[in-house]
Amino acid sequence: MLEPLVKNGKVNRKGPVMLVIMDGVGYGKYEDGDAVKQAVTKNLDNLLSTCPNTKLKAHGLAVGLPSDADMGNSEVGHNAMGCGRVFAQGAKLVKNAIDSKLMFSGESWKKLVKNVKDNGSTLHFIGLLSDGNVHSNIDNLEKMIIEAKEEGVKKVRVHALLDGRDVGETSALEYFDPFDEFLKKLSADGTFDAKIASGGGRMVITMDRYNANWDMVKKGWQTHVLGEGRYFASAHEAIETLRKETGAIDQDIPPFVIAEDGKPVGTIEDNDSVILFNFRGDRAIEISRAFDEKDFSEFDRVRYPKVEYAGMMEYDGDLHIPSQYLVSPPQIDRTLAEYLCASGVKQFSISETQKFGHVTYFFNGNKSGKFSDKLEEYVEIKSDKVPFEQRPWMKCAEITDRVIEEIESGKWDLIKLNYPNGDMVGHTGVFEAVVCSMEAMDLQIGRLKEAIEKAGGVMVVTADHGNADDMYEHNKKGEISRKADGEPKAKTSHSLNPVPCIIYDPCYGGEYETDLNEGLGISSIPATLMNLLGYDAPADYDKSIINLK
């Protein structure tokens, strides 16, 4: 148990301190394509014009990623906002482990390779085929396949998911075609056989999260493991055909199986080895459970092959999912929530399904469960199982309804909530829907502002990364990239833009300077919340956004 925080005796409010995370809402670089600016956001605009506010870094080095060319994401963003320091994150850890070849000397890698060599069986890779560096990186996959060949593996099959969220919405062939050529060159000497075996859009198969839609995982199992589905001669043919037939962008492409002579080229069989090469945990846990658990009831697997399975990382450190992994995740300790529990601070956390794990699991340093059953309560509002562009308001009103009840109850010292709208609708690429999502969220921020004012509390409004602020592709000159019909090309990935931090404190009495510190990252939010709750932050926490007087 941590030592309690030290009281500073300077900030003492009657009502709670509330952290509002506007997931995927940043400051746009371009006027065109910025759905946050285009939206009518009277309440947010009012807060920005009347309250102390600053911009925070939410990408790259500021959240533990390899470089400032790497966009932030919800996982690392919530880690940073929850632990108050910057830890090397999945993308960086995996890159270092592969480049240094330390991963290839690890027990899990050696075990999986030995298994297929001893049995003359197949090494399978499942994951997102892009260089988005949020869930995976194609460069890592290529290096692992090269290493497998050098170590004597004879047969590799890749089950490749289309991205279209962390990279361009229709960029799949920019990855699949060169990768297919890469595999053909490696196989040209006749000693090695590597092929793409199956695929599908990441929002259709395999990569569900938070138990929102197990049918996605079932479809992935049927496609990758059983080889069931529509057959094509190549991934290129599959992608082009399914695009023409459905009009879908990459993330929504239906599943497909690559076949030769009427048979799938890469079903997963007994004595095979399987690596899930995604490193981010939220969309890797469910498919890992399907491979790992003998007694599994989420769907009928039909056939449960005896394989050696490993994830790129341990996706859940408490539940130890999966049981085998290649790279150890960051060891995040002494989080905000843990310190506050040690200090007797009562905390309430809420979001809808799509971000519930972010405001709990990721915020708590990749820890499942609570630090204290007596001091904490978590509430999940079930998300709708429809495309987000069809319900761009999502569950922000229901989240707000419950939060207002909790504010009025007077039970909590800290309330934290996540509105997923800017991120989840932003990923659809449908500009009109994103504008609608921002306006729906803004109405709820207005309701929260009124409730906090009545309760005599403090509201901190921020974000984990940008997305809705950058909805069009731009060229190097800053001009909009357009399709053949003249329409702007939608950008469905996160942005590299900074995010807001606004402090609404209706009972402010001069306890801190209203000129907020600049040049900080979102890892400075925990120290700020501690200060507003009346405590000094730990000495090694990143600097607070406020300066106490």
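Residues are numbered from 1 along each chain as its sequence is written, and side-chain values use heavy atoms, with hydrogens and water left out. Because the model is predicted, local features need pLDDT of at least 70 and side-chain atom pairs count only at pLDDT 80 or more, while totals for chains, interfaces and linings use all residues.

Start with charge. Side chains of opposite charge can pair when their charged atoms come close. The whole structure holds 39 salt bridges (a side-chain nitrogen of Lys or Arg within 4 Å of a carboxyl oxygen of Asp or Glu). One of them joins Glu 260 and Lys 195, at 3.0 Å from N to O. Glu 260 sits in strand S7 (residues 256–260) and Lys 195 in strand S5 (residues 193–201), so the bridge ties together parts that are 65 residues apart in sequence. Helices (H or I, at least four residues) and strands (E, at least two) are DSSP runs, numbered from the N terminus. Both partners are partly exposed: Glu 260 has a relative accessible area of 40%, and Lys 195 has 25%. Here buried means under 20% relative accessible area, exposed over 50%, and partly exposed in between (1.4 Å probe, protein chains only).

Two further bridges follow. Lys 382 meets Glu 380 at 3.6 Å, N to O. Lys 382 is exposed at 59%, whereas Glu 380 is partly exposed at 28%. Arg 402 meets Glu 406 at 2.7 Å, N to O. These two are four residues apart in helix H13 (residues 396–409), so about one helical turn separates them. Arg 402 is partly exposed, at 24% relative accessibility, but Glu 406 is buried, at 7%. Elsewhere, salt bridges with shared partners link Glu 75, Arg 209, Arg 280 and Asp 282 into one network.

Now the helix pair. Two packed helices are described by the angle between their axes and the distance between the axes. Helix H8 (residues 214–224) and helix H10 (residues 285–292) have axes that come within 10 Å and cross at roughly 55 degrees. Axes are lines fitted to C-alpha atoms, for helices over the stretch in contact, and angles run from 0 to 180 degrees between N-to-C directions. H8 is therefore oblique to H10 (under 35 degrees is roughly parallel, over 145 roughly antiparallel, 65 to 115 roughly perpendicular, and the rest oblique). From H8, Trp 214, Val 217 and Trp 221 make the contact; from H10, Glu 286, Ile 287, Arg 289, Ala 290 and Phe 291 do. Contact means heavy atoms within 4.5 Å.

The buried residues of H8 include Trp 214, Val 217 and Trp 221. Their cover includes strand S3 (123–128), strand S4 (155–162), S5, S7 and H10.

Next, a loop residue. Gln 89 lies between helix H3 (74–83) and helix H4 (90–99). Gln 89 is buried, at 4% relative accessibility. Beyond its neighbours within four places in sequence, Gln 89 contacts Val 63, Gly 64, Leu 65, Val 76, Asn 79, Pro 330 and Ile 332.

Last, the backbone. A cis peptide bond joins Ile 321 and Pro 322, with omega about -5 degrees. Pro 322 lies in the loop between strand S10 (308–313) and strand S11 (325–327). Met 394 is not a glycine, yet has a positive phi of about 50 degrees. Met 394 lies in the loop between strand S13 (376–381) and H13, and is buried at 4%.
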